[in-house]
Amino acid sequence: IKNFCEFDILDITLPKIIFYPNRNDKKFLHKKELQDYLRSYDNKIIFVPHGPHYNQKNSLFFTFNSKFQKNYNYWLSFSKDKIWEKYKKNLTCFSKIGYPMFDKKWIDKIERIERKNEKHLGVITRQFYTVNQKINPNEMTLPYDEFFRFMKEVKKVSDYDKNIKLLIKPHPSTNLRELKKILIKLNINNYELNFDPIFIFERKIFASVSVLSTSFLYLYLKLKPVFFYESESSRQHLESWPLLKKIYINSFAVDKIENIHKKYKDYLNMDDAEKKIKLQFIKKNLEKYYRSNPILRAKNKINVLIKR
């Protein structure tokens, strides 16, 4: 990044549009230099959503120093996002694009090119603290003992059917050494670690056990059941923005870790028609909050910006 700024890459490449990942809660080397560098140019900058929604209705990840330049274009994925309320003089700089990964044509394409092999039970994890690590209550990181209890429930679900193989999808920031220690301690052997994007991961599972994560919303669209646990920190986020709660809570949520395997067994005991109705309801409930054809909307917006 330092070289990118020092060698005036933008002067050499002359891009008409710069795509900037919309995150400001993560620190990285020379971040300030990069942001100052981008601010000094008149190139159109599209702030691309980090995920299908944020934790608050008006959180803004890129630091604008109370100024929103006319060359900025901020893409909103979640239709109920209220980020623009802080910048009402710049409403034309905000575009309700939707979330590209929820695009029906994109999903259909994935189905055509990726082989389907739904033999695994998925496990979607979050980052967690190690045993003696200091806990920051404002982070979505799980305390060690809480994550251990979650994996203990995963073990119970796995033991319910010995033929099931677990497909564990760690969070990118997960300490894999610590995760493997927990797996050994709980005697979880029938598993495979998976680092595929969620839309590839989905093709390999019939259901998933998870902590609260935006990743598994994609599974809702594919009519895959997700049995998830609300941690105390994630519950606080959902309570602060009731609209988000409506998306998650109408599915297979449990408020106690120890109830995950019970929820899973209850689902298995449902008849096929009941399962289908429940999964269709979850899918339609999610679709209410996202605009259709997001990829086409994005293409059209890019064409408009290029011509300006």
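Predicted model: local features only at pLDDT ≥ 70, side-chain atom pairs only at ≥ 80, totals over all residues.
**Stop 1**

Lys162 is exposed, at a relative accessible area of 62%. This pair is one of 13 salt bridges in the structure.

**Stop 2: a salt bridge away from the surface**

Now pick Lys224 and Glu202. Here the side chains form a salt bridge with an N to O distance of 2.6 Å. How accessible are the two ends? Lys224 has a relative accessible area of 6%, so it counts as buried, and Glu202 is buried too, at 2%.

**Stop 3**

Zoom in on Lys116 and Glu118, whose side chains meet at 3.7 Å, N to O. Lys116 counts as exposed because its relative accessibility is 51%, and the cut-off is over 50%. Glu118 is partly exposed, with a relative accessible area of 31%.

**Stop 4: Lys301, a charge without a partner**

Next, select Lys301 in helix 13 (residues 294–307). Which side chain of opposite charge is nearest to Lys301? Draw a distance to Asp81: that is the one, and it is 16 Å away. Lys301 is buried yet has no salt bridge. To see what does surround Lys301, show Asn73, Trp75, Ser95 and Ile97, which Lys301 touches once residues up to four places away in sequence are set aside.

**Stop 5: Ile164 in its loop**

Move to Ile164, in the loop between helix 5 (144–160) and strand 6 (165–169). Ile164 is buried, with a relative accessible area of 5%. Show its contacts beyond four places in sequence: Leu121, Ser158, Asn190, Phe206 and Tyr264. Asn190 deserves a label of its own. Ile164 and Asn190 are 26 residues apart in sequence, and their C-alpha atoms are 7.8 Å apart in space.

**Stop 6: the second largest pocket**

Rolling a probe the size of a water molecule over the atoms shows where empty space is left. The second largest pocket has a volume of about 320 Å³. To find it, select Phe102, Asp103, Lys104, Ile107 and Glu287, which lie nearest its centre among the 16 lining residues.

Which helix gives the most to the lining of this pocket? Colour helix 4 (104–113) and helix 12 (272–287), each of which supplies at least two lining residues. Helix 4 gives the most, with five.

Finally, colour the lining by residue class. The lining of the second largest pocket splits into nine charged, five nonpolar and two polar residues.

Technical notes: Residues numbered from 1 in each chain as written. Heavy atoms only, no water. Helix = DSSP H or I, 4+ residues; strand = E, 2+ residues; numbered from the N terminus. Buried < 20%, exposed > 50% of the residue type's maximum accessible area, 1.4 Å probe, protein only. Lys, Arg positive; Asp, Glu negative; His and termini not counted. Salt bridge = Lys/Arg side-chain N within 4 Å of Asp/Glu carboxyl O. Contact = heavy atoms within 4.5 Å. 1 Å grid on protein atoms, 1.4 Å probe; cavity = no way out; pocket = protein on both sides within 12 Å on 5 of 7 lines; lining within 4 Å. Points joined across faces, edges and corners; volume = space filled by probe spheres on them. Nonpolar A, V, L, I, M, F, W, Y, C, P; charged D, E, K, R; others polar.
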